[in-house]
Amino acid sequence: EILINYVFRMAKYLPLIKQEHFIILEDDVLVLNKTNNLKYDINGSNPLESLPQSVCIDLKQVLKLNYGACGGCILNTNFFTNILKQTNLSLIKNQIQHYCDLTTERWASDAILSYICLANNGTIGDWDGFGETWEKDIMDRIDKLEVLHQYKNLY
């Protein structure tokens, strides 16, 4: 129910966003520069994480699928507005239920948004402007970053 309520709340307010993209802005996200080169429906992913194997197999017949929609990721407003239309919400609810039937792991907002994206033929990928504080080369890239995730200094 929590996942369904989260997605339905997003569906309710997405039509108010007039920009081409919107950011998942969490407490540990630092926006550094204007974003460029956004080409996916979910821009930004964690290459060290995967949706649960049962979900990957169900979606793409593969064993590993990186997922995004974590803090700092930037989503395509038009794509999410279209799939989360009021007329599609029963389908979306069924997709969330199907995800939960497939696994008891990764019941989080980022995983469910990624699943919904992929289940509706969306795309997830990275762009050079996204970084995580734990990345080994983060200090070499810091001047080129647009968004930094896992930045806890402002807490």
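Analyst: Happy to! Please keep in mind that this is a predicted model. Three bridges join β8 to strand β9 (residues 147-149), and the two run parallel.

User: What makes β8 and β9 a pair of strands?

Analyst: Two strands pair if there are at least two bridges between them. β8 and β9 are joined by three bridges, so they meet that cut-off. One facing couple is F130 and V147, the latter in β9.

User: Which sheet do they belong to, and in what order do its strands lie?

Analyst: The order is β2-β9-β8, in an open sheet of three strands with mixed pairing. β2 (29-31) and β8 (130-132) are its edge strands, each pairing on one side only. On average, neighbouring strands here are turned by 20 degrees against each other, direction ignored.

User: How do you know that β3 and β7 are paired?

Analyst: The cut-off is at least two bridges. Strand β3 (residues 42-43) and β7 are joined by two bridges, so they pair, and they run parallel. N43 stands opposite G125 in β7. Both strands are part of an open sheet of four, ordered β1-β6-β3-β7, with mixed pairing.

User: Why are β1 and β7 called edge strands?

Analyst: β1 (21-23) and β7 (124-125) each have a single partner strand, so one side of each has no neighbour in the sheet.

User: Let's turn to the helices. How do you know that the length of α4 fits a helix of 14 residues?

Analyst: At 1.5 Å a residue, α4 should span 20 Å; its end C-alpha atoms are 20 Å apart, which agrees.

User: What makes one face of α4 the buried one?

Analyst: The buried residues of α4 are L89, I92, Q95, I96, Y99 and C100. Viewed down the helix axis, they fall within an arc of 135 degrees, so they line one face. An α-helix has 3.6 residues a turn, so residues three or four places apart point the same way. On the other side of α4, S90, N94 and D101 are exposed. The buried residues pack against α1, α2, α3 and α5.

User: Why is α5 described as largely enclosed?

Analyst: Nine of its 11 residues are buried, so the rest of the structure largely encloses α5. Among them are D110, I112, Y115 and L118. Just after this helix, N121 takes a positive phi of about 65 degrees.

User: Why is L118 called buried?

Analyst: Buried means under 20% relative accessible area. L118 has 10%, so it qualifies. L118 lies in α5 and touches L51, L59, K60, L65 and I124, leaving out residues up to four places away in sequence.

User: Which residues touch the most other members of the largest nonpolar core?

Analyst: F80, L84 and I96 do, in a core of 40 residues. α1 (2-13), α2 (53-60), β6 (74-76), α3 (77-83), α4 (89-102) and α5 (109-119) each supply at least two of its residues. The largest share, seven residues, comes from α5. Beyond its neighbours within four places in sequence, L84 has contacts that include M10, A11, L14 and I92. In soluble globular proteins, nonpolar side chains tend to be buried together.

Notes. Residues are numbered from 1 along each chain as its sequence is written. This is a predicted model: local features need pLDDT of at least 70, side-chain atom pairs count only at pLDDT 80 or more; totals for chains, interfaces and linings use all residues. Side-chain values use heavy atoms; hydrogens and water are left out. Axes are lines fitted to C-alpha atoms, for helices over the stretch in contact, and angles run from 0 to 180 degrees between N-to-C directions. A nonpolar core is a set of buried Ala, Val, Leu, Ile, Met, Phe, Trp, Tyr and Cys residues joined through side-chain atoms within 4.5 Å. Buried means under 20% relative accessible area, exposed over 50%, partly exposed in between (1.4 Å probe, protein chains only). Contact means heavy atoms within 4.5 Å. The expected span of a helix is 1.5 Å times one less than its number of residues. The arc is that of the directions from the helix axis to the C-beta atoms.
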